[in-house]
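Okay, thanks for coming, everyone. Let me put the model up and we'll walk through it.

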2 protein chains.
Amino acid sequence: MEWKIVGVIAAVCTTSGFIPQIIRGIRTKRLDDVSPVMYLLFIFGISLWLSYGVYLEDKIIIVANAVTLAFSVFILVLRYKYMKQR
Amino acid sequence: MEWKIVGVIAAVCTTSGFIPQIIRGIRTKRLDDVSPVMYLLFIFGISLWLSYGVYLEDKIIIVANAVTLAFSVFILVLRYKYMKQR
């Protein structure tokens, strides 16, 4: 079994998992129930994963975490945008 | 610089990130804005990360993902519990 493929599929799932959250937020214009503390911890943690990936020179870790970081920041920004609009 | 520590702190942040989401859900008894598709993708992806950790025999990956998996399942269960109660 090629375990690297398992890692790639795992990374794709946990990274792309944020896409349905973004779509849901844009559709309902509401992200109130989403915890901002969760996303702040994520942004901090994922930044560390990213730097860890740079240190390891592991492209999978770098790309997966760079994309996840962008998604997390976007969700947090959307949340405050929609809260402000009401 | 001890890069293993960076990895541990990163894992602690991304795993414990789910705790404020659980606390928020229990407090507001509402998780409607949280995307169920996101959590389903997470549960699948984290299960793969867990098996990858078992293959690598890496305790940090195993523990972090086992805890994250439990948190993700719990959030999804809470979401449906609160939706059903209304």
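So, buried here means under 20% relative accessible area, exposed over 50%, and partly exposed in between, using a 1.4 Å probe and protein chains only. Quick housekeeping: this is a predicted model, where local features need pLDDT of at least 70, side-chain atom pairs count only at pLDDT 80 or more, and totals for chains, interfaces and linings use all residues. Residues are numbered from 1 along each chain as its sequence is written, chains are lettered from A and ligands numbered from 1 in the order in which they are written, and side-chain values use heavy atoms, leaving out hydrogens and water.

Let's start with H1(B). Which residues in it are buried? We get B:Trp3, B:Val6, B:Gly7, B:Ala10, B:Ala11, B:Cys13, B:Thr14 and B:Thr15. Helices, by the way, are DSSP runs of H or I with at least four residues, numbered from the N terminus. What covers those buried residues includes helix H3 (36-56) of chain A, plus helix H2 (18-28) and helix H4 (59-85) of chain B.

Over on chain A, A:Ile5 lies in helix H1 (residues 3-16), and it counts as partly exposed because its relative accessibility is 47%. Last one: A:Ser47, in helix H3 of chain A, is partly exposed too, at 31%. Its C-alpha atom is separated by 7.9 Å from that of A:Ala66, 19 residues apart along the chain.

Conventions: Helices (H or I, at least four residues) and strands (E, at least two) are DSSP runs, numbered from the N terminus. Contact means heavy atoms within 4.5 Å.
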